[in-house]
Amino acid sequence: MKIALDPTPFHHTHGLLEFPQLAADLGYRYLQMTPHPDFIPFYNHPKADDELVADLKAACRKAGVEIASVLPVQRWSGPDPDAREAAVRYWKRAIQITADLGVNQMNTEFSGRPEQPEESERAFYRSMEELLPVIEREGMHIAIDPHPDDYVEHGLAALRVIRGVNSPNIGMVYVAPHTFHMEDAPLDIIRAAGSRLRVVHIADTMDHHRSNGLRYITNPAGSPARVHQHLKVGDGDVNFDELFSGLAENGFLDREETVMASCVFAENENAEEVSRYQMKTINDYIGRVTQA
């Protein structure tokens with residue numbers, strides 16, 4: 001398993017080509033490349049040309065850091081046909097960039113709209129019909145996260161959609177701070193996912209269901225907003241003893257192709273300290289469950 005740093009908290013303090021050395025300085029051997037305006041921005045065409053991709057590879061070699069996964073977010077399940085078609089084009093370029101970096105793992109979100117689930121699912125499978133030949137030709141693996149406010153948000157439902165693609169190149173992301181939006185029990189999701197579970201994001205969050213659903217109050221009442229955080233481990237309600245035990249049972253911790261990314265977004269002012277804390281804490285949990 002590769003333990004990677006998500007550099008999102010450093011997007012406004014460091015340039016893209018500084019991320020590899022930053023990761024090394026913080027004790028990480030791997031990076032997860034997330035949406036960035038100079039690389040693959042949210043919902044738009046990738047902005048990295050071949051020269052920048054080569055420069056990023058060189059920066060990784062110099063720092064002794066590898067890219068474990070690349071995370072684009074596109075409207076590939078969007079019910080708007082123009083947006084969906086554009087997303088497929090952007091995906092093809094993102095796949096080429098990832099392959100040129102020598103990386104074979106990508107992860108993303110389902111996208112689409114929860115109030116239009118049938119239309120979004122049709123769009124998702126239509127996009128997959130176009131992209132799957134490219135994904136398989138490049139030897140890429142795509143892991144998908146049922147993100148809050150996507151057309152599929154629940155863990156077991158997401159696995160059914162993934163299974164429907166009928167390809168070993170498509171798997172799942174388990175995002176710990178989305179635990180309370182996925183509804184299904186974490187162990188049920190992890191066990192059902194089996195080897196399809198390829199990427200796990202580690203951060204904490206509060207359980208918004210507690211206190212009679214009033215832990216967060218949104219106005220107007222009944223707002224469909226999905227609220228969660230990406231806090232450092234221990235600052236929320238995620239049961240990490242259970243999560244890491246489930247990952248050990250799954251075999252996730254022992255597979256060399258899997259990726260575990262630290263994804264804390266709530267404390268940019270302490271990002272370096274928090275990144276070091278996350279690495280130590282992740283290794284502490286791994287040590288406990290593997291020695292049990």
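**Figure 1. Gln96 in helix H3 of the predicted model**. Gln96 belongs to helix H3, which covers residues 81-100. With a relative accessibility of 32%, Gln96 is classed as partly exposed. The view also includes Ile135, which is 39 residues away from Gln96 along the chain. The C-alpha atoms of Gln96 and Ile135 are 9.6 Å apart.

**Figure 2. The crossing of helices H8 and H9**. Two packed helices are described by the angle between their axes and the distance between the axes. Helix H8 is formed by residues 240-250, and helix H9 by residues 271-291. Their axes come within 9 Å and cross at roughly 60 degrees. Angles from 65 to 115 degrees would count as roughly perpendicular, and those under 35 degrees as roughly parallel; H8 and H9 are therefore oblique to each other. The crossing of these two helices, H8 and H9, is right-handed.

**Figure 3. Residues in the contact between H8 and H9**. On the side of H8, the contact is made by Phe240, Asp241, Phe244, Ser245 and Ala248. Helix H9 contributes Ile282, Tyr285, Ile286, Arg288 and Val289. Of the residues in this contact of H8 with H9, seven are nonpolar, one is polar and two are charged.

**Figure 4. The aromatic pair of Phe42 and Tyr43**. The count of aromatic pairs in the model comes to nine. Phe42 has a relative accessible area of 44% and is partly exposed. Tyr43, at 33% relative accessibility, is likewise counted as partly exposed.

**Figure 5. The aromatic pair of Phe240 and Tyr285**. The ring centres of Phe240 and Tyr285 lie 6.1 Å apart, and their planes are at 45 degrees, so this pair is tilted. It links distant parts of the chain: Phe240 is in helix H8 and Tyr285 is in helix H9, 45 residues apart. Residues under 20% relative accessible area count as buried. Phe240 is at 3% relative accessibility and is therefore buried. Tyr285, with a relative accessible area of 14%, is also buried. Phe240 and Tyr285 are both among the residues that make the contact between H8 and H9.

**Figure 6. An aromatic cluster**. Six residues are shown in this view: Trp76, Trp91, Phe110, Phe124, Tyr125 and Tyr151. Together they form one aromatic cluster.

Definitions and conventions: Residues are numbered from 1 along each chain as its sequence is written. This is a predicted model: local features need pLDDT of at least 70, side-chain atom pairs count only at pLDDT 80 or more; totals for chains, interfaces and linings use all residues. Side-chain values use heavy atoms; hydrogens and water are left out. Axes are lines fitted to C-alpha atoms, for helices over the stretch in contact, and angles run from 0 to 180 degrees between N-to-C directions. Helices (H or I, at least four residues) and strands (E, at least two) are DSSP runs, numbered from the N terminus. Angles under 35 degrees count as roughly parallel, over 145 as roughly antiparallel, 65 to 115 as roughly perpendicular and the rest as oblique. A crossing is left-handed if the near helix is turned anticlockwise from the far one by less than a right angle, and right-handed if clockwise. Contact means heavy atoms within 4.5 Å. Ala, Val, Leu, Ile, Met, Phe, Trp, Tyr, Cys and Pro count as nonpolar, Asp, Glu, Lys and Arg as charged, and the others, Gly among them, as polar. Rings of Phe, Tyr and Trp (its six-membered ring) pair if their centres lie within 6.5 Å; planes under 30 degrees apart count as stacked, over 60 as edge-to-face and the rest as tilted. Buried means under 20% relative accessible area, exposed over 50%, partly exposed in between (1.4 Å probe, protein chains only).
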